[in-house]
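The sequence and structure come first.

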Amino acid sequence: LLKMWPIRGGRHRRPGIALVLLAFQMAQAGFQNIPPVTLVTLAANVAMFLRLFRGFRYPKLGEVCVSVVHVWYQGDWKRLIYSAFFHADEWHLYYNMASFMWKGITLERRLGSARFLYVLAVFTVCTHSLLLGLNYSMDHFFHQSSYLADCAVGFSGVIFALKVLTTHYLPPGMTYVMGWFPVPRRIACWVELVVIQILIPRASFMGHLAGILVGLLYTSGPLRAVMELPFGGWTRPRYYDDYDAPDHRQTRAARQQSYTYHAGATGYRAEGGAGLTEEEELQVAMQRSLQEYEQQ
């Protein structure tokens, strides 16, 4: 299912079939129809994966994955942001970015670029912070320190938060989860949470759950009001209506696919083990962080 590129040091990766498919998805949407923040986020994730930035030291996945031990106990707070921009392999990147692209097109047109960027940044920090809180709570109730060392990377938690926000702006109705079977739109994210975990046991259930909860805190809870406090109450921005956009056919397609498009796992959770591939580096990171915690 997963194909790893064994890259050493800071050498560039070779793009494979998954990135070709991503480029096809972007061309299908129309590059001119992808708003700037969405386009830059897509490009940044792909560039980080291919290691296109010169002079940048590309860390191993074990150095950026987010866990309670690394962030809370060791104070490595930058992982709350860094972990979203690193992916275990090419297909992990493809599934995340293809799903994000359609949601980004819909939401950025609706909210405006500045507000969408703000929402994206806050969702990233809040989702990973809530992930740590969930794992800490699981350790407290079940007395299993493995939750504290559970280490995850990827954009999936943020994407689940965006799923909730996208659904919030759509009228009630039916939608297709992963393009397979119809469910009521309002519960689609919960159904997808369960389906993904069944199909991909190594997907980060807590990360996806954290994303859904952050989305609900924004649409139905206090998060939106709190986010608007620094701006004295952010007035509703001007945005294109879906049918008044420059190319309404492309925007209609984006709205139709903004929730339903999803082809596989979106995030990865580390498990025990050791190895040399980048996916196995997550496993090593979890083992080491668990040992460090138990030695404290």
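## Basis

Helices (H or I, at least four residues) and strands (E, at least two) are DSSP runs, numbered from the N terminus. The model is predicted, so local features need pLDDT of at least 70 and side-chain atom pairs count only at pLDDT 80 or more, while totals for chains, interfaces and linings use all residues. Residues are numbered from 1 along each chain as its sequence is written, and side-chain values use heavy atoms, with hydrogens and water left out.

## Chain

The protein chain has 13 helices and four strands. Of its 296 residues, 54% are buried (under 20% relative accessible area; exposed is over 50%, partly exposed in between; 1.4 Å probe, protein chains only).

## H6 and H10

Helix H6 (residues 113-142) packs against helix H10 (residues 205-219) at about 125°, the axes being 8 Å apart. Axes are lines fitted to C-alpha atoms, for helices over the stretch in contact, and angles run from 0 to 180 degrees between N-to-C directions.

In contact terms (heavy atoms within 4.5 Å), the H6 residues include Phe123, Leu130 and Met138, and those of H10 include Leu209, Leu213 and Tyr218.

## Positive phi

Arg51, not a glycine, has a positive phi of about 60°. Arg51 sits in the loop between helix H2 (36-50) and helix H3 (68-73), and is buried at 6% relative accessibility.

His143 also is not a glycine and has a positive phi, near 55°. His143 lies in the loop between H6 and helix H7 (146-149) and is exposed, with a relative accessible area of 69%.
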